[in-house]
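Please look over the chain shown below.

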Amino acid sequence: DIPADAKPILAKAAEVLKKQPAGTTVEIGGYTDNKGNAEANKKLSQSRADAVKKQLVALGVSEAMLKSVGYG
């Protein structure tokens, strides 16, 4: 889930992204801390990146321009 205080930031980012020229691609990187199981952290970081991507798409950003990657 996206925290409520992050939603206005993503709304501003979406407005900027929607104005970018065709062919623009943006990578959304998800991260965690270095504690716990590395495989679990990788999945969590991917889920975080995917959540941001989903929110940006819901705000009108083309899904084709977004790539989400979990870095652990």
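## From one residue to the fold

L44 is partly exposed, because its relative accessible area is 36%. The residue sits in helix α2. This is a predicted model.

L44 and T32 are 12 residues apart along the chain, and their C-alpha atoms are 7.2 Å apart in space. T32 belongs to the loop between β1 and α2. T32 is buried, with a relative accessible area of 17%; the cut-off for buried is under 20%. Leaving out residues up to four places away in sequence, T32 touches N41, L44, S45, R48 and G72.

**Overall fold**

The protein has two helices and two strands. Along the sequence they follow the pattern α-β-α-β. The C-alpha atoms fill a box of roughly 40 × 25 × 15 Å along the principal axes. Of the 72 residues, 26% are buried.

How many of the contacts between residues at least 6 apart in sequence join residues at least 24 apart? The share is 67%.

**The helix pair**

Two packed helices are described by the angle between their axes and the distance between the axes. Here, helix α1 covers residues 7-18 and helix α2 covers residues 38-58. Their axes come within 9 Å and cross at roughly 65 degrees. Is the crossing of α1 past α2 left-handed or right-handed? It is right-handed.

Which residues make the contact? From α1 come L10, A13, A14 and L17. From α2 come V52, Q55 and L56. By class, the contact of α1 with α2 has six nonpolar residues and one polar residue. It has no charged residues.

**The aromatic pair**

The structure holds one aromatic pair. Its members are Y31 and Y71, with ring centres 5.3 Å apart. The ring planes lie at 20 degrees, so the pair is stacked; planes under 30 degrees apart count as stacked.

Why does this pair tie together parts that are 40 residues apart in sequence? Y31 lies in the loop between β1 (26-30) and α2, whereas Y71 lies in the segment after β2 (66-70). Y31 counts as exposed, with a relative accessibility of 52%. Y71 is partly exposed, at 41% relative accessible area. The cut-off for exposed is over 50%.

**Two further sites**

K67 is in strand β2. Apart from its neighbours within four places in sequence, K67 contacts V26, E27 and I28. K67 and V57 are 10 residues apart in sequence, with 11 Å between their C-alpha atoms.

T24 is in the loop between α1 and β1. T24 is partly exposed, with a relative accessible area of 21%. T24 and S45 are 21 residues apart in sequence, and 23 Å separates their C-alpha atoms.

**Residue pairs side by side**

The table sets out the C-alpha pairs from the text.

| Pair | Separation in sequence | C-alpha to C-alpha distance |
|---|---|---|
| L44 and T32 | 12 residues | 7.2 Å |
| K67 and V57 | 10 residues | 11 Å |
| T24 and S45 | 21 residues | 23 Å |

**Back to the start**

The loop between β1 and α2 holds T32. T32 is buried, whereas Y31 is exposed. T32 touches L44, among others, and Y31 stacks with Y71.

Terms used:
Residues numbered from 1 in each chain as written. Predicted model: local features only at pLDDT ≥ 70, side-chain atom pairs only at ≥ 80, totals over all residues. Heavy atoms only, no water. Axes fitted to C-alpha atoms, helices over the stretch in contact; angles between N-to-C directions. Helix = DSSP H or I, 4+ residues; strand = E, 2+ residues; numbered from the N terminus. Left-handed = near helix turned anticlockwise from the far one by under 90°. Contact = heavy atoms within 4.5 Å. Nonpolar A, V, L, I, M, F, W, Y, C, P; charged D, E, K, R; others polar. Phe/Tyr/Trp six-rings, centres within 6.5 Å; stacked < 30°, edge-to-face > 60°. Buried < 20%, exposed > 50% of the residue type's maximum accessible area, 1.4 Å probe, protein only.
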